[in-house]
Amino acid sequence: MEETKDIGELERETQDRVVKLFKNELDFEYLGDWQDRPNNSNIEEEYLRKYLESTGEYSENLIKRTIDKLKKLAEVHGDDLYEVNKAFHQLLTHGVDIKEDASSPSEKVHIINWNEPLTNHFAIAEEVTLIEAENKRPDIVLYVNGIALGVLELKRGCVSIDEGVRQSITNQDGKFIKSFFSTIQFIFAGNNSEGLKYGAIGTPEKYYLSWKEDIDDVSRLRLDKYLLKMCNKERFLEFIRDFALFDGGTKKLPRPHQYFGVKAAQENVREQEGGVIWHTQGSGKSITMVLLAKWILRNNHNARVLVITDRTELDEQIEKVFKRAGEKKIYKTSSGKDLMHQLSQPSPSLLCSLVHKFGTSKGEKKKEKEYYDKFIEELKKNPPKVQGDVFVFVDECHRTQSGRLNDVMKAILGDATFIGFTGTPLLKQNKATTKSIFGDYIHTYKFDEAVEDKIVLDLCYEARDVDQEIYAKDKVDKYFEVKTKNLNNYQRSLLKQKWATMQRLHSSRSRHEKIVKDIVFDFDVKQRLSSGRGNAMLVASSIYEATKYYDEFEKTPLKGKCAVITSYQPSKKDLKNEDTGANTETEKTYLFNKYTEILDGKKTSKYESEMKEKFIEKPSEMRLLIVVDKLLTGFDAPSCSYLYIDKSMQDHGLFQAICRVNRLDTDDKDYGFIVDFRDLFNSVKGAIKVYTSEVDEECGDGPSIHERLEKAKKRLDEALEKAKLLCEGVEPPKSALEYQLYFCGNPDDPKELKATEVRRIYLYKAVTALTRAYSSISGELLDAGYSIEEIKEIEDDVNFFLKLKNEIKRASGETLDLKSYEADMRHLMDNYIEAKEPEVISPFSDMSLLTLIKKLGIKEALEQYGEKRANAASTVLRNVRKKLVDDMALDQSFYEKMSKILDELVQKRKEDAITYEAYLQKLADIASTVEDGREDDVPSEIKSKGQVALYNNLNNDVELALKIDSTVKSTAPHKWRGNVAAEQKVMKAIWEVVQDDELLEKVFGIIKANEEY
């Protein structure tokens, strides 16, 4: 066979090609092979001096002093490489302050021309040997003005790219060439087969990144393609100045989506246009925010950046991120008054605030309620004088984009540029509102993209059903009858409605006990949990439920290793009306007593802070957090591996919650696991589909704000009119007595009460409809067209009808104080409802959510396209072909067979030998089989993907496949790929089984490609 170019190319040949690429295509000067050149350095004085002299701005003495200062700084002593690199980056980007002599003022010497990148001197040298460190020599070093800013280690195509990464990590050790890396901003490693990886000083091997751009361009090797992208002169310098971040002890470089997100936002900022950046949960949204803010403040000296969040924990998180990134001057506002005062001053340039602080201060709550709309109108007429060009970053903008608070925000900052950041897509019902505030999507990065790029983990879903049944039903009925003998029928029905709901059924003691037992069992048998490296969260449906769960876990081996974190703050005020005289504990009494016991004298904030820190830092000591709403967004704990859900959830809240478990951690964390006790699969599936689907680049789907307000106004007017009509029959002077007589008759006469019952029911329904209509538009009454006087009148009417409804209910005896029946109803739930052992009801627990959604979504996708089904078919076809090519090494026999079947199907369709509907169905079937990676006739004893691949490629020999599988798994050393000695050990073990050179080569290729080995 004729030898193919590049295949099996030696490292030296690859390096020669890369050198030519830098010289001929990237226009770097080639300085030569410096293997035998003495005194190689990361600051080459000859070239730096030549550049500084060429600017004509600095004297010889300034140049000498600058070079001396840089060389002295670049010397690393001890473990301070991070601090030295950070300090050097500061001099690179801001210039060196230096004096001509002791009596002269400081001058700024710029060693890089950032404004005109191409005026700098770009060069490479290869085999740059540092003799003092056992002849360590990076393959290629990138110099700008004589300063080493990048190193590149190259490997041949059949050697893992990680070998090059590890080489650079070793070189940063104090025993080798640590000081050389004090100036290095980018560390690259590459080969012909895997392409290019990059990281910074101190980056662990598993956090090295891969660039992704123009993915359809396959005109050249990925190594060459991405060197051309990343080492382009202008972009290389841009990376260093605008995208390198020193984040609290860790140097970070941009991921592709962060770079392109910021670049897209820069265009909007230049035009002072708003927009929305949707980067999925866990993909570094806060870092993107910091990078954009730093760029704005650097390039616009008149700029002010205000970061707004809607939750205290997010406000604190954003403040920490900015401070860790070196923005020490971020100002955290204390109130709305403080915020407006700061904005009226020329500084500070960087502020953060809770959105609620746009309202009045705490001491003005009553005034806020009574005059809020008037306050907004006055602000719009006379907005405060805000200094500077204000750019407002709104975190989790899907939650903070409507209502009265937003009206105030827009009134105060009417001329500001609003940029929304969200980890979730804008759902149809709020797209139009969001667009009116922020504008269109600026950039999107979806959940499946982040999983594919290995930035977050995929999710595995498992539904568990806890069936319940009532036993001794006659006793339950008798108990209920005795306890409610003094109630009328209406009151009895209210009590039954409250306690017969699924919510109450879900909260029975028996059910709690079974779920707790089930979770504790997982901690014993699930590898990630039993090892102590992973922990879990349980989402309860209420604070009461969460606390009850905590009580149950304290009776298990998890005692002392779980915590409950909710919004509850124990206060004696809660007990004010809780004494029912029955010597029983109400829910509020229980909560107060239990929380007081849990806190043990600590403040709630201190307790929560300690528990969260322990959960993140010491997962073996804090195994489980029980939550309701808190910590389900903005809380990142890589150790968190399982999320147990016992609460009805949907849309944003559900997706944000399940993403608590998808953060990268140690190598044994392959997935984030979702265990669902509430049958939420359709909601989970729907959320994942929304979060992975293509979006319209414009956010403005659905009705406009004007149309929405018009409909809401009509609904309110009609509801108000209907309520008033129901009261027209009330006799003058329409005092409380006349209303009672009209709606109740004589309250002491059961017959009259019965006769007026329908009238009362209509009133109750009408008032309920009115309050709902009012609530849906209450924050936008001015925008809907009502005057201040009309708004006041509407509010008075709504308050009147609410009071009327309550008074009529009390007069007719149709109210019920449920508190006194809590203990009795709880007794029924806990003693007469028996829960069965949890049972896994989802057949998908061994399948990732993305895989599952793709499988189930094929048919839906084909149907959804309607007339454009050909587009859907071609998309599925293209994706299947890509998978066949990408995964060929995993199981050549299977994928070649599926490729042949696919070709035959396409040919049949071309020849009209199969109907279009049949073609689509078969295409879906093939896609499903390819996704599974196995055919239906594979024997049951062949379970894992590796075993299937061996079986398929060994003439369906089950015994041989299983023997090789067990042999390799028992002998393969840890991280054996790329290690020649370890690979030889694996090959030897396989040889002892197969005793055939040709078969050895085939089997070894399969074993190496399948990650389970």
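Predicted model: local features only at pLDDT ≥ 70, side-chain atom pairs only at ≥ 80, totals over all residues.
Figure 1. Strand β17 itself covers residues 417-422, and six of its six residues are buried. Both of its faces are covered, with Thr417, Ile419 and Phe421 buried on one side and Phe418, Gly420 and Thr422 buried on the other.

Figure 2. The strands follow the order β22-β23-β21-β24-β25-β19-β27, and their pairing is mixed. Because β22 (562-565) and β27 (839-840) stand at the edges with a single partner strand each, one side of each of these strands is left without a neighbour in the sheet. Within the sheet, strand β24 (residues 640-646) runs parallel to strand β25 (residues 672-676), to which it is joined by four bridges, and Ile645 stands opposite Asp676 in β25. Helix α21, residues 543-553, packs on the sheet and touches β21 (535-540), β22, β23 (624-627) and β24, while its direction makes about 170° with that of β22.

**Figure 3. The surroundings of Gln185.** Gln185 lies in the loop between α5 (161-171) and β7 (186-191), and with a relative accessible area of 1% this residue is buried. Its side chain reaches the backbone oxygen of Thr183 at 3.0 Å, and a polar contact of 2.7 Å joins the side chain of Gln185 to that of Lys251. When residues up to four places away in sequence are not counted, Gln185 touches Asn85, His89, Leu92, Leu149, Gly199, Ala200, Ile240, Lys251 and Leu253.

**Figure 4. The loop residue Thr203.** Thr203 is placed in the loop between β8 (195-199) and β9 (209-210), and its relative accessible area of 11% makes it a buried residue. A polar atom of the Thr203 side chain lies 2.9 Å from the backbone nitrogen of Ala200. Apart from neighbours within four places in sequence, Thr203 is in contact with Ile169, Tyr208 and Lys251. Ile187, which is 16 residues from Thr203 in sequence, lies 9.3 Å from it in space, taken C-alpha to C-alpha.

**Figure 5. Lys975 in the loop between α37 and α38.** The loop that holds Lys975 runs between α37 (958-971) and α38 (980-994), and Lys975 counts as exposed at 52% relative accessibility. With its neighbours within four places in sequence left aside, Lys975 is in contact with Glu205 and Asp667. The C-alpha atoms of Lys975 and Tyr1013 are 9.6 Å apart, the two residues being separated by 38 residues in sequence.

**Figure 6. Selected salt bridges.** A search of the whole structure finds 52 salt bridges, among them one in which the side chains of Lys233 and Asp27 meet at 3.2 Å, N to O. Lys233 lies in helix α7 (residues 233-242) and Asp27 in the loop between α1 (11-24) and β1 (29-33), so this pair ties together parts that are 206 residues apart in sequence. Lys233 is buried, with a relative accessible area of 13%, whereas Asp27 counts as exposed at 52% relative accessibility. The side chains of Asp214 and Lys229 meet in another salt bridge, at 2.5 Å, N to O. Here Asp214 lies in the loop between β9 and α6 (222-230) and Lys229 in helix α6, so the parts tied together are 15 residues apart in sequence; Asp214 counts as partly exposed, at 44% relative accessibility.

Figure 7. Lys594 forms a salt bridge with Glu597, the closest N and O atoms being 3.3 Å apart. Because the two residues are three residues apart in helix α22 (residues 587-599), about one helical turn separates Lys594 from Glu597. Lys594 is buried, with a relative accessible area of 10%, whereas Glu597 counts as exposed at 52% relative accessibility. Elsewhere, Arg12, Asp16, Glu126, Glu127 and Arg137 are linked in a network of salt bridges.

Note on methods. Residues numbered from 1 in each chain as written. Heavy atoms only, no water. Buried < 20%, exposed > 50% of the residue type's maximum accessible area, 1.4 Å probe, protein only. Pairing = 2+ DSSP bridges. Contact = heavy atoms within 4.5 Å. Axes fitted to C-alpha atoms, helices over the stretch in contact; angles between N-to-C directions. Polar contact = N/O pair within 3.5 Å; in protein donor to acceptor, adjacent residues only side chain to side chain. Salt bridge = Lys/Arg side-chain N within 4 Å of Asp/Glu carboxyl O.
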